[in-house]
Amino acid sequence: AFCVLATDEEDEGDIALQIHFTLIQAFCCENDIDIVRVNDVAKLAAIVGPSEESGEPRDLHCILITV
């Protein structure tokens with residue numbers, strides 16, 4: 001398993017998002033989950049695909065891959 005954390009330059013000043021990332025990183029470290037950081041939320045959302053319900057792009061900052 002590994003965790004993908006995505007952030008854009010505009011997210012750097014978002015304190016709530018930085019706290020969220022810190023908590024996710026702590027969880028991953030405690031559970032021996034590798035972390036991959038990427039710097040483009042839109043590309044990550046494009047890879048994952050649109051939401052099944054609305055067909056709109058997703059707002060993704062974190063994905064946990066287990067398979």
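Analyst: Buried means under 20% relative accessible area, exposed means over 50%, and partly exposed lies in between, with a 1.4 Å probe and protein chains only. The model is predicted, with pLDDT of at least 70 needed for local features and 80 or more for side-chain atom pairs, while totals for chains, interfaces and linings use all residues. Residues are numbered from 1 along each chain as its sequence is written, and side-chain values use heavy atoms, without hydrogens and water.

User: Why is cysteine 3 called buried?

Analyst: Its relative accessibility is 2%, which is set against the limit of under 20%. Cysteine 3 therefore counts as buried. Cysteine 28, also at 2%, counts as buried too.

User: Why is glutamine 25 called partly exposed?

Analyst: Glutamine 25 has 26% relative accessibility, so it counts as partly exposed. Glutamine 25 has its place in helix H1. With neighbours within four places in sequence left aside, glutamine 25 is in contact (heavy atoms within 4.5 Å) with Leu5, Ile35 and Arg37. Its C-alpha atom is separated by 8.8 Å from that of cysteine 3, 22 residues apart along the chain.

User: What makes up the secondary structure of the chain?

Analyst: Helices (H or I, at least four residues) and strands (E, at least two) are DSSP runs, numbered from the N terminus. The chain comes to two helices and three strands, and from the N terminus on the elements run β-α-β-α-β.

User: What makes E1 a partner of other strands?

Analyst: Two strands pair if DSSP finds at least two bridges between them. Five bridges join E1 to strand E2 (residues 34-38), and these two run parallel. Alanine 6 stands opposite valine 38 in E2. Four bridges join E1 to strand E3 (residues 62-65), and that pair runs antiparallel. Leucine 5 stands opposite cysteine 62 in E3, and valine 4 opposite isoleucine 63 in E3.

User: Which strand order does the open sheet have, and which strands are its edges?

Analyst: The open sheet of three strands has the order E2-E1-E3, with mixed pairing. E2 and E3 are the edge strands, since each pairs on one side only. The twist averages 20° from one strand to the next.

User: Why is strand E1 described as mostly covered?

Analyst: Strand E1 spans residues 2-6, and four of its five residues are buried. For the chain as a whole, 28% of the 67 residues count as buried.

User: Which elements make the right-handed unit, and where does helix H1 lie?

Analyst: E1, helix H1 (residues 15-30) and E2 make a right-handed β-α-β unit. The crossover is right-handed if, with the strands pointing away from the viewer, the path from the first strand over the helix to the second runs clockwise. H1 lies across E1, E2 and E3, running at about 165° to E1. Axes are lines fitted to C-alpha atoms, for helices over the stretch in contact, and angles run from 0 to 180 degrees between N-to-C directions.
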